[in-house]
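I opened this notebook to record what I looked up in one model, entry by entry. The sequence and coordinates come first.

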Amino acid sequence: MPESVVLLHGFSGTRRAWDGVAAALDPERYLPLALDLPGHGQAAEWEGPITFAGCVQHVLERSPARFILCGYSLGGRVALNVALATPERVTQLVLVSCSPGIEDSAERAERRRSDHRLADELERVPFEEFIERWRTQPLFADDPPHVGELARADQRRNRPEALAAAMRGIGTGEMEPLWGRLHELTMPVTVVVGDRDARFQALGRRMAGLLPDAEMAIVPGGHSLALENPTAIASVLD
């Protein structure tokens, strides 16, 4: 019987960001289940504030009793919260291009203010203008053109006002750092980072050093690995 793999996308993406990974998984061994996080895609109609606790509940309600959990960027931060909340349900954890949060309280507060300014912009400027600003961040600067095209197409599956609510509720500045709790995660963990993503390589190495049963995989690509190198992500499950 194939093992379920729950896949969580990054901010302003949707479950469709995992199409390439799902296609690369061996169907006899794995059953992919890509979810839209609150405020994204088909989960845009979210009642009330969007929170990490709400995201955890959202994921658990839509997942089988036990599953492999794979999250990219924002999805990785949600995956960490899910695994810490119900470690007995997560058989394996795959963290792609993600961080357990900002430790310094002043830096975190500044990031929160920046996130809220971005949310205000989402509600004010044309959505295409926001998409271009997001995709021209240094983080994505060296993405191949086809990766940028896939990312923009996926972003257009969202609604700007819903993304603004998500940014205010589950942006990087909103999450309490989880560095001090990584030792609680005793399931096998793979930290996946692109070979062009130097900043997240440093974060990934530190994470892997704090997790009891972890390995780090540096694979060809930048930050947008689910779109640029889906076969590499699929391969870490083998």
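Ground rules. I worked from a predicted model, in which local features need pLDDT of at least 70 and side-chain atom pairs count only at pLDDT 80 or more, while totals for chains, interfaces and linings use all residues. Residues are numbered from 1 along each chain as its sequence is written, and side-chain values use heavy atoms, with hydrogens and water left out.

Largest pocket. I took a pocket to be an open set of points on a 1 Å grid over the protein atoms alone, where a 1.4 Å probe fits, with protein on both sides within 12 Å along at least five of seven lines; lining residues have an atom within 4 Å of a point. The largest one holds about 950 Å³ of space, the volume being that filled by probe spheres set on points joined across faces, edges and corners. Its lining has 46 residues, and those closest to the centre are S73, R111, W134, L139 and T172. Helix α4 gives the most to this lining, with 7 residues, where helices are DSSP runs of H or I, at least four residues, numbered from the N terminus. By class I noted 20 nonpolar, 14 polar and 12 charged residues in the lining, with Ala, Val, Leu, Ile, Met, Phe, Trp, Tyr, Cys and Pro as nonpolar, Asp, Glu, Lys and Arg as charged, and the others, Gly among them, as polar.

Aromatic rings. I paired rings of Phe, Tyr and Trp (its six-membered ring) if their centres lie within 6.5 Å, calling planes under 30 degrees apart stacked, over 60 edge-to-face and the rest tilted. This rule gives 4 aromatic pairs.

Single residues. I found P144 in the loop between α5 and α6, partly exposed because its relative accessibility is 22%. L150 is in helix α6, and its C-alpha atom is 9.8 Å from that of R16, 134 residues away along the chain.

Notes. Helix = DSSP H or I, 4+ residues; strand = E, 2+ residues; numbered from the N terminus. Buried < 20%, exposed > 50% of the residue type's maximum accessible area, 1.4 Å probe, protein only.
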